[in-house]
Amino acid sequence: MQSKLWYLKRCDLFERLTPEQAGRLDRRCFCLPFKRRSLIYSSTEPGQSVMVLASGRVKIKAITLEGKETILAFIEEGEIFGELALLDSQPRGEFAEAVEDSQVLVIPREELLWLMEQRPDVSLSVTKLIGLRRRRIENRLRNILFLPSRERMIRLLLELVESHGERRGNACAIRLPLSHQDLASLIGITREMVTRVLGQLQAEGLVEVRRRRITIKDYKRLATNSGDTA
């Protein structure tokens, strides 16, 4: 297995630490393996640590009383998650699940708080990250409440371009492999409606879907179809 310090350096937050700061984190954190579809933490677990995804892929989700799953975010290698534990040690209020076999670097809450006291730049980056993820979830909730399915899908695709996209001129490939059920759970519609809307967007030459991979063929034209009049 790679060293814990190597995993830390892959995360943007920690790439410019001093040797002393990096060494302390390296001594205090630890790696855990998780099999595909296994829970990394549950909604009732106290927030006592923050995680860095060393390898694999993770989804953050909520589950209703009826058992319906809503996906809040996907986490890729080198990203941190569980960051709300920095605000308090109350129950996390969300689930983290390994989408595929994953290695997770666990950083005790008090160690990251110590680092944030030492490094205002790290503290600012964490604050921005929390704000960005909250804004994305709030925007998605607003879309669910007020927009029809087509506009929800388009805005989700634009969001995924921003967070997980690789631009190629006016085209953009979304790195995440996403099933129709994943997309449905992200924007609160049925899998059948996802199939219908994606079929329409493909027929219009806006997107291409192949084996759970989505490519935006005409980003500018897709953006004009988002229904955003702001």
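A residue counts as buried when its relative accessible area is under 20%. Glu83, with a relative accessible area of 9%, is therefore buried. The model described here is predicted.

**Strands and sheets**

- Four strands make up an open sheet in the order β1-β8-β3-β6, with antiparallel pairing. Its edge strands are β1 (30-34) and β6 (80-81), each of which pairs on one side only.
- Within this sheet, β3 pairs with β8 (residues 102-108) in the antiparallel sense over 6 bridges. Ser49 has Pro108 in β8 as its bridge partner.
- Strand β7 pairs with β4 in the antiparallel sense, and 4 bridges join them. Here Lys61 has Phe95 of β7 as its bridge partner.
- Strand β7 also runs antiparallel to β2, to which 2 bridges join it. On this side the bridge partner of Tyr41 in β7 is Ala96.
- From β7, the residues Phe95 and Glu97 point one way, while Ala96 and Ala98 point the other way. All of these residues are buried.

**Salt bridges**

- The count of salt bridges comes to 20.
- One of them joins the side chains of Glu83 and Arg133, at 2.8 Å from N to O. This pair links distant parts of the chain, as Glu83 is in the loop between β6 and β7 (95-98) and Arg133 is in helix α4 (residues 120-146), 50 residues apart.
- Glu83 is buried at a relative accessible area of 9%. Arg133, at 16% relative accessibility, also falls under the 20% limit and so counts as buried.
- Asp182 and Arg212 form another salt bridge, with their closest N and O atoms 3.8 Å apart. Because Asp182 lies in helix α6 (residues 180-187) and Arg212 in the loop between β11 (207-210) and β12 (213-216), the pair ties together parts that are 30 residues apart in sequence.
- Asp182 is buried, at 12% relative accessibility, whereas Arg212 is partly exposed, with a relative accessible area of 43%.
- Arg191 and Glu192 meet through their side chains in a salt bridge of 3.6 Å, N to O. Arg191 is partly exposed, its relative accessible area being 42%. Glu192 counts as partly exposed as well, at 48% relative accessibility.
- A network of salt bridges links Lys59, Lys61, Glu69 and Glu97. Two of its members have already been placed by other features: Lys61 is the bridge partner of Phe95 in β7, and Glu97 is a buried residue of β7 that points the way Phe95 does.

**Aromatic and charge-over-ring contacts**

- The structure holds 1 aromatic pair. It consists of Tyr41 and Phe81, whose ring centres are 6.3 Å apart and whose planes are at 25°, so the pair is stacked.
- The pair links distant parts of the chain: Tyr41 is in strand β2 (residues 39-41) and Phe81 in strand β6, 40 residues apart.
- Tyr41 counts as buried, at 1% relative accessibility. Phe81 counts as buried too, at 1%.
- The ring of Tyr41 also has the charged end of Arg92 over it, 4.2 Å from the ring centre.
- Elsewhere, Arg24 lies over the face of Trp114, at 3.9 Å from the ring centre.

**Surroundings of Arg57**

- Arg57 is placed in the loop between β3 (49-55) and β4 (58-63). Its relative accessible area of 13% is under 20%, so Arg57 is buried.
- The side chain of Arg57 makes a polar contact of 3.1 Å with the side chain of Glu100.
- Leaving aside neighbours within four places in sequence, the residues in contact with Arg57 include Phe74, Ile75 and Glu76.

How values were computed. Residues are numbered from 1 along each chain as its sequence is written. This is a predicted model: local features need pLDDT of at least 70, side-chain atom pairs count only at pLDDT 80 or more; totals for chains, interfaces and linings use all residues. Side-chain values use heavy atoms; hydrogens and water are left out. Buried means under 20% relative accessible area, exposed over 50%, partly exposed in between (1.4 Å probe, protein chains only). A polar contact is a pair of N or O atoms within 3.5 Å; within protein, one must be able to donate a hydrogen and the other to accept it, and residues adjacent in sequence count only if both atoms are side-chain atoms. Contact means heavy atoms within 4.5 Å. Two strands pair if DSSP finds at least two bridges between them. A salt bridge is a side-chain nitrogen of Lys or Arg within 4 Å of a carboxyl oxygen of Asp or Glu. Rings of Phe, Tyr and Trp (its six-membered ring) pair if their centres lie within 6.5 Å; planes under 30 degrees apart count as stacked, over 60 as edge-to-face and the rest as tilted. A charge sits over a ring if NZ of Lys or CZ of Arg is within 6 Å of the ring centre and within 35 degrees of the ring normal.
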